[in-house]
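Hi,

Here is the structure I promised to pass on. Have a look at it first, then read my notes below.

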Amino acid sequence: MAYSFPEEVLEHVFSFISSEKDRNAVSLVCKSWYEMERWCRRRIFVGNCYAVNPKIMIRRFPEVKSIELKGKPHFADFNLVPEGWGGYVYPWIVEIARGYPCLEEIRLKRMVVTDESLELISKSFKNFKVLVLSSCEGFSTDGLAAIAANCRNLRVLELRECEVEDLSGHWLSHFPDSCTSLESLNIACLLSEVSFSALERLVARSPNLKTLRLNRNVPLEKLSTLLQLAPQLVEFGTGVYSAEIRSDVYASLTEAFSGCKNLKGLSGFWEVIPAYLPAFYSVCSRLTTLNLSYATAQSPELTKIVSQCHNLQRLLVCLDAYLYPIQVLDYIEDTGLNALALSCKDLQELRVFPSDPFVADANVLLTEQGLVSVSEGCPKLQSVLYFCRQMSNSALITIANNRPNLTCFRLCILEPRAPDYVTFEPLDAGFGAIVENCKQLRRLSMSGLLTDRVFEHIGTHGKKLDMLSVAFAGESDLGLHHVLSGCDSLRKLEIRDCPFGDKALLANASKLETMRSLWMSSCGVSFGACKLLGEKMPGLNVEVIDERENLDSLHESCPVEKLYIYRTVAGQRWGSNKVLKKALLVKESD
Amino acid sequence: MDRKRSSLNLFEDIDLNYKATELRLGLPGTDDQPEIKTSLSGNKRSSSEMESSTCTDENESRSASPTKEQVVGWPPVRSYRRNIVQGKKESSEMGSGMYVKVSMDGAPYLRKVDLKMYRSYEELMEGLQKMFKCIIGLYSEREGYNGSQHAPTYEDKDGDWMLVGDVPWEMFITSCKRLRIMKASEARGLDDSL
């Protein structure tokens, strides 16, 4: 066409387009754009590894440098997905080893990664640079040794909250002396000791190392050694932050921290001895991220720390009860979260974990006040994850009014179906205010006593909602119907223990094809409805996960234990069975 | 984006029956809860308890008997994080036996149990029996698990497979790496070698 741009110009323009969504939009404009785009796409994100198969991907995008894959549904994090369900990465690695010899980056989340897979990765990609495994399992330190030994140009090795079988701490020694390219190393989730001398030598020969996250076993006394070898660090994760109190250790640690002029993020801090905390005060004013969530913070210490972190954008803490304001007559006790509200005006993300979520202790009272304070004091607050024992509609409404810019709001009231603790009413109005005021809300997790009314609010106002998590809520199918019919942007919906049955699901069947996935467990969806859905909707896989005996003779009207529905172009997972039945502890062979 | 919902809706004739779904501010544990929610038995409370007590009262009554039977996956705290917190609290007990995998011969899926949730072999057997819907029975020194169809075994720190019940409970939870419920016939071989 005479009037169109030459290919080289278009390609150049496309090279500035990095977002997945934009790339996908570009490819839909016309055939020639589709062709051009597919040749120059370098990064692929597959949100559900069963939605597409690698052969299709390789055929369409021949020159990819970076792949990100996600496997198990989110509720796998809370032990709701049985072992053997799937998420095996090996078949993908086999295909991409063949199709993308120049691949440089692999990022996996919630997948089962075997040592075999790691070995194959280490040997198949000559220019491999980045391996990030988040919430993965199935591999051991032997697999890590293969990566260390064979990936000559490795820049990033991050294990984020993975379950790794610790066979030996010596895997780190497999990094050859010639490997000096490391920029990021995260071994925080490893349970056993790594060889410290190997670690020391590795850090010493990695001048580009910006991120170093140690595991628990690296003792406090050794931290200063490492920090002095890598003063250029931007992110640092300590090991256990406790040791015998010795002034020489304290002094060298203080000096080492003050030498780190670029440090912006701190994490680790398993088991804190408060006396050692001031050692890192010199870096507080530069910190943008602080993760103290592995140690229960005590109020005075937390207050001191956050009061110095004026540039803090992201804070993760684990809180004990008495941190929350306790109204004694007219006096409200100062607390860590109050201090946060006063000092950290740049705060964007707050995550508060409970220190002992499973023990109902009479003296422990996690309240809503801390969150209300922070919502008042921190104008840039966008993302919240908050565990507490009590909540009220008025607090939620206050938060919604204070922070209409919230994009992610996840509230977990520890007791299922807990009502407003003041009025004993459901929390419909509170959560309703959140969705109504926070027009950019993309992610919402709810808890407490909730009727169908809250779902009506969500369906009416949650137009930008991308992911919704619901537990022990609702009264009827109407609730689910409101969400499925009203939330235009909904892609991920996960539901547990709600009285939702067949009607809403079947009435909104076509909506499911516009979403990535739907998870429903301990609800009331019948086996018959699942089969019907599977038969009528060829673009969906309808998986019934049910561990009862005699699944073959399950009556049509019987509710299934767990249900996972997702759209796919890869066809059924197992032969032509529309509904996954049982006995599937086999490794995938295709 | 074109919302083709109405034309692709294959189930338009499904009547949502709004009348039957009158909104009520019902409390949990009332009639309209479906039968299947067996996992919630530990958390349902009677309506009188809810209305009359404050939060602290509830907490007090519950701390008297810590809940053994917790709802699976609730609160939504990752086991990674739970283990860390619990490990800190109970470090005196040498907490290396937290979540262990449990398999049963013939069952399609593995499960995981938190050994910290149980205080004795009896409780563990009860938990396993409920989980796998099988009968294990109790261990007797003389006869092992003879008399039942299944026998629980575990892999210890040294990689050996042992019959569950032969060592004191405290020792068991620190050395147990994984559990396997075998068919009784296979387990007899283990028994002989002890």
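This is a predicted model: local features need pLDDT of at least 70, side-chain atom pairs count only at pLDDT 80 or more; totals for chains, interfaces and linings use all residues.

Residues are numbered from 1 along each chain as its sequence is written, chains are lettered from A and ligands numbered from 1 in the order in which they are written, and side-chain values use heavy atoms, with hydrogens and water left out.

Chain A has 21 helices and 24 strands (DSSP runs, H or I of at least four residues for helices and E of at least two for strands, numbered from the N terminus). Its C-alpha atoms fill a box of roughly 70 × 65 × 60 Å along the principal axes. Of the 590 residues in chain A, 61% are buried (under 20% relative accessible area, 1.4 Å probe, protein chains only).

UniProt, in an unreviewed entry, puts an F-box domain at residues 5-46 of chain A; such annotations may be inferred rather than shown by experiment. That stretch is 62% helix and 10% strand, with its end C-alpha atoms 31 Å apart.

Now the helix pair. The axes of H6 (residues 115-124) and H7 (residues 141-150) of chain A come within 8 Å and cross at roughly 5 degrees (lines fitted to C-alpha atoms over the stretch in contact, with angles from 0 to 180 degrees between N-to-C directions). H6(A) and H7(A) are therefore roughly parallel (under 35 degrees).

Cheers

Key
Angles under 35 degrees count as roughly parallel, over 145 as roughly antiparallel, 65 to 115 as roughly perpendicular and the rest as oblique. Buried means under 20% relative accessible area, exposed over 50%, partly exposed in between (1.4 Å probe, protein chains only).
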